[in-house]
Amino acid sequence: FPSHDTAETTGTSGAVSVTKDVTNPVVANPLAWTTSSPSSTTSVTAQWVKSTSLDLGSQSIQFYTGNSCGTATGSATPLTASATQHGFTGTDGVTYTYKITSIDVAGNANVSSCSSAMVIDASGPSAATNLSWLENSPSGSTTVTAQWMKSTSLDLGSQSIQFYTGSSCGTATGSAIVLSSSATQQTFTGVDGGTYTYKVTSIDTAGNQVVSGCSGAHIVTGK
C-alpha cells in the first residue's frame, strides 16, 4: 500500500513531502504617477515600487475612473514581474486611479491599495475678456493701467500680460509679466507719444494656456 504522512505523498514505496506556498506576496507600494495632477495631456504613466517578495512571478494593473478605484475601466493588463511603470491614455475631463496585483510563482495574488487620483485636463481655460484701459486715450501721463475681466474658468492658476507697441499687438515691448489668478489690472509705463496694446494669457492648474484677443490701442503722453 502507498505510505502517507502529514504532507502530500506520491509513489508506492516511499513518502514524498510537498511544500505548499499559500502565502500571498507583499503588495506593491507606494503607487504614484510620473507627472503631477492635473495632467494637460491625455497620456499619463502609472509608477510604483513592485512587491519585494523574492518569488514574485508576475503583476497586473487595473485602471479605474473616479478617485477611489470604484469603477474599472477596461480589463486588467498583465505585466512582467520587473515592471514598475505602465502608460495609460485617458479622456479629457476624467479622473483616474489604479491598483497593482502582485502574483507569486505559486499563483498567490495580493492587490495593492488604490493609487492617488490623476485628473486629465487637456482643455484650455476660457480667455480673459473686456480688455481696456483705466485712463482715456490719449492719456496725460506715460504711466497707464490695463484692466480686463479675467478668465471665468474655476481652475485658473495664473495669468500673464504682454504689452506691445503699435495698435495691433504686433511688436512686444519687454517680457511678459506673470500675474496671480485674481489679477484684473496692471500698470505700464510707456514712452511719451507711444501707442500701446496688450494681451492677457490665462493659464489653468494643468498648464493649459489661452491667449486673449488684442486690447484697444492707448496713446500715452507726458503732458
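## First disulfide

Cys 69 and Cys 114 are joined in a disulfide, with their sulfur atoms 2.0 Å apart. The model is a predicted one. The torsion about the S-S bond of Cys 69 and Cys 114 is about 90 degrees, so this disulfide is right-handed. Cys 69 sits in the loop between strand 3 (56–65) and strand 4 (71–72). Cys 114 sits in the loop between strand 8 (109–111) and strand 9 (118–119). The pair therefore ties together parts that are 45 residues apart in sequence.

Cys 114 has 29% relative accessibility and counts as partly exposed.

Cys 169 lies in the loop between strand 12 (156–165) and strand 13 (171–172). Cys 214 lies in the loop between strand 17 (209–211) and strand 18 (218–219). The bond ties together parts that are 45 residues apart in sequence.

Cys 169 counts as buried, at 8% relative accessibility. Cys 214 is partly exposed, with a relative accessible area of 35%.

## Disulfide pattern

How many disulfides does the count come to? The count is two disulfides. With bonded cysteines counted along the chain, the pattern is 1-2, 3-4. A disulfide is a covalent bond between the sulfur atoms of two cysteines.

## Nonpolar cores

The largest nonpolar core has 16 residues. Which of them touch the most other members? They are Trp 33, Ala 46, Trp 48, Ile 61, Phe 63, Tyr 98 and Ile 100. Two or more residues of this core come from each of strand 1 (31–33), strand 2 (43–48), strand 3 and strand 7 (95–104).

A second core is separate and has 15 residues. Its members include Ala 128, Ala 146, Leu 179 and Val 220.

Ile 100 belongs to strand 7. Its relative accessible area is 0%, so Ile 100 is buried. Ile 100 and Gln 62 are 38 residues apart along the chain, and their C-alpha atoms are separated by 6.6 Å.

What does Ile 100 touch, not counting residues up to four places away in sequence? The residues are Ala 28, Leu 31, Trp 48, Gln 59, Ser 60, Ile 61, Asn 110, Val 111 and Ser 112. Among them, Trp 48 and Ile 61 are also listed with Ile 100 as residues that touch the most other members of the largest nonpolar core.

Thr 197 is placed in strand 16 (residues 195–204). Thr 197 counts as buried, at 0% relative accessibility. The C-alpha atoms of Thr 197 and Gly 216 are separated by 6.2 Å, though the two residues are 19 residues apart along the chain.

The side chain of Thr 197 reaches the backbone nitrogen of Cys 169 at 3.2 Å.

Terms used
Residues are numbered from 1 along each chain as its sequence is written. This is a predicted model: local features need pLDDT of at least 70, side-chain atom pairs count only at pLDDT 80 or more; totals for chains, interfaces and linings use all residues. Side-chain values use heavy atoms; hydrogens and water are left out. A disulfide is a pair of cysteine sulfur atoms within 2.5 Å. Helices (H or I, at least four residues) and strands (E, at least two) are DSSP runs, numbered from the N terminus. Buried means under 20% relative accessible area, exposed over 50%, partly exposed in between (1.4 Å probe, protein chains only). A nonpolar core is a set of buried Ala, Val, Leu, Ile, Met, Phe, Trp, Tyr and Cys residues joined through side-chain atoms within 4.5 Å. A polar contact is a pair of N or O atoms within 3.5 Å; within protein, one must be able to donate a hydrogen and the other to accept it, and residues adjacent in sequence count only if both atoms are side-chain atoms. Contact means heavy atoms within 4.5 Å.
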